[in-house]
Amino acid sequence: MTQRTPRLIPQTRQPRGSEVKPINKASRSVRTATEGLLGALSVDDFLRRHWQRRPLLVRQAMRDGAAPLDVQSLFDLAAHDGVESRLITAFNGRWQIEHGPFQTEDLPSLNRKRWTLLVQGVDLHAPAAHQLLSRFRFLPDARLDDLMISLASDQGGVGPHVDSYDVFLLQAWGRRRWRIAPPGDNRLIDGLPLKILDRFEPTEEWVLEPGDMLYLPPGWQHDGVAQGPCMTCSIGFRAPSRHEFLREFLAQAADQPGGQDPRFSDAGRPPSRNPARLPADMAAGLEAWASQWRPARADIERFIGCYLTEPKPTVWFEAHQVLSRRSFALRVVKRGLHVDPRSRILYRSRLLFLNGEAFELPRKGAGLLRRLADRRALSPLECQALMADSGCAELVYGWFNDAWIGMGETISPESSQL
């Protein structure tokens, strides 16, 4: 069967009259954020033709520069306990992996070949990385994971491998050669500290220059090798597996099974002639409890939102300056609010989920709180209406004290410092 190869999308303008005009502010903001990011494709075209289907190569997806921070800033992040980092080396043909934190002096020189530093969740700590990640919000926040940066010396890489998630590979600076292959034999080489494919037969390859971007659906085999020192941004999208989700859900359900709690009874049983035999009525009763148990729909919906907004273990929040309710209200209506870059926020129906907790939305201010989640910010004028509702005021004051939201309509650099 012939495999369909990725389309090469040049940085071109669509013919006059071929564009779909935005019909509201939301569609206009999506178009502005993604302009050029997908080449000549609209978001709708990309989602219909490529998303979770086939790769896409975009030349000059970001002509205005793609590097969200410099090398030393990345080294500084890798030195922190709260940042996940890994050093992968292939010196003398031997693969090795070390986990951070790393001090700068512990890292190899960029003049030495065949090493890669991977730093996860850069968007949580660098405002420019957070803004870059925000350009991909044409996809639901529930799917958006993080921005990882790969800094590699010449010939550095992590070997041919497969990811179980969607990823956009954006070349920040330098050059990297990518070879890809459609889903196939995923057997791994035994005895290595990395999951490297044993049989990798690439069907396409390109060298990505600064600003170029490659999208890969889950399951596509790929191998990226630096052509000289380079930096690559990986924008990843999570998709929980059935086992992952049920493992967490059933663990919580075990603590709170709900419903009545009858206890097995065998009153009137005759004397047992085979004491080691499992009684049939006991087995049947326990089987009935297991097969007839059903979680309440409301409990499932609440768990889903909490599960999808649970921060990663490495995420922590520093408390803001303690303010009285009155001082908080007076400042908010002048400065506005923003959601901290480290916070995960979703909503569904009458519930809003923030960092693994569920909150009932006040009826009057529900629209403004949903807008805060969608835009991750509210203007001072919007905050005036928000604070006029006591239920909303109570919620945002608590979130501010937890450092989950901050003051200011736009995210300030100091709000996302370690």
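The legends below walk through several close-up views of a predicted model.

**View 1. The open sheet β7-β12-β9-β10.**
Welcome to a sheet of 4 strands, which is open and has antiparallel pairing in the order β7-β12-β9-β10. Its edge strands are β7 (161-162) and β10 (204-208), each of which pairs on one side only. Strand β7 meets β12 (residues 221-226) through 2 bridges, in the antiparallel sense. To find this contact, look for Val162, whose bridge partner in β12 is Gln221.

**View 2. Strand β12 and its neighbour β9.**
Here we stay with β12 and turn to β9 (residues 176-181), which runs antiparallel to β12 and is joined to it by 6 bridges. A handy landmark is Arg176, whose bridge partner in β12 is Ala226. Of the 6 residues of β12, 5 are buried, so this strand is largely enclosed by the rest of the structure.

**View 3. Trp51 and Phe237, an edge-to-face pair.**
The whole structure holds 18 aromatic pairs, and this view picks out one of them, Trp51 with Phe237. The ring centres of Trp51 and Phe237 are 5.4 Å apart and the planes meet at 80°; because that angle is over 60 degrees, the pair counts as edge-to-face. Trp51 belongs to the loop between α2 (43-49) and β2 (56-58), while Phe237 belongs to strand β13 (residues 230-237), so the pair ties together parts that are 186 residues apart in sequence. Both count as buried because their relative accessible areas are under 20%: the value is 13% for Trp51 and 1% for Phe237.

**View 4. Phe136 and Phe168, a tilted pair.**
Next comes the aromatic pair of Phe136 and Phe168, which is tilted, with 4.9 Å from centre to centre and 50° between the planes. Distant parts of the chain are linked here: Phe136 is in the loop between α4 (127-134) and β6 (144-152), Phe168 is in strand β8 (residues 166-173), and the two are 32 residues apart. Phe136 is buried, with a relative accessible area of 0%, and Phe168 is buried with a value of 0%. If you widen the view, you will find one aromatic cluster formed by Phe46, Trp51, Phe136, Phe138, Phe168, Tyr215 and Phe237.

**View 5. Arg112 over the ring of Phe91.**
In this view a charge and a ring come together: the charged end of Arg112 sits over the ring of Phe91. The distance to the ring centre is 3.6 Å.

Now for the charged pairs: the structure has 20 salt bridges, and one of them joins Arg143 to Asp166. The closest N and O atoms of Arg143 and Asp166 are 2.8 Å apart. Since Arg143 lies in the loop between α4 and β6 and Asp166 in strand β8, the pair ties together parts that are 23 residues apart in sequence. Arg143 and Asp166 are both buried.

Lys312 and Asp145 form a salt bridge, with 3.2 Å between the closest N and O atoms. Lys312 is in the loop between α7 (297-309) and α8 (325-335) and Asp145 is in strand β6, so this pair ties together parts that are 167 residues apart in sequence. Lys312 is partly exposed, with a relative accessible area of 27%, and Asp145 is partly exposed at 24%.

**View 6. Asp266 and Arg269.**
This view shows the salt bridge between Asp266 and Arg269, whose closest N and O atoms are 3.0 Å apart. Asp266 has a relative accessible area of 33% and is partly exposed. Arg269 also counts as partly exposed, at 37% relative accessibility.

**View 7. Asp389, buried without a salt bridge.**
We finish at Asp389, in the loop between α10 (380-387) and α11 (390-401). Asp389 is buried yet has no salt bridge. What does the side chain of Asp389 reach? The side chain of Asp389 comes to 2.9 Å from the backbone nitrogen of Cys392.

Note on methods
Residues are numbered from 1 along each chain as its sequence is written. This is a predicted model: local features need pLDDT of at least 70, side-chain atom pairs count only at pLDDT 80 or more; totals for chains, interfaces and linings use all residues. Side-chain values use heavy atoms; hydrogens and water are left out. Two strands pair if DSSP finds at least two bridges between them. Rings of Phe, Tyr and Trp (its six-membered ring) pair if their centres lie within 6.5 Å; planes under 30 degrees apart count as stacked, over 60 as edge-to-face and the rest as tilted. Buried means under 20% relative accessible area, exposed over 50%, partly exposed in between (1.4 Å probe, protein chains only). A charge sits over a ring if NZ of Lys or CZ of Arg is within 6 Å of the ring centre and within 35 degrees of the ring normal. Lys and Arg count as positive and Asp and Glu as negative; His and the chain ends are not counted. A salt bridge is a side-chain nitrogen of Lys or Arg within 4 Å of a carboxyl oxygen of Asp or Glu. A polar contact is a pair of N or O atoms within 3.5 Å; within protein, one must be able to donate a hydrogen and the other to accept it, and residues adjacent in sequence count only if both atoms are side-chain atoms.
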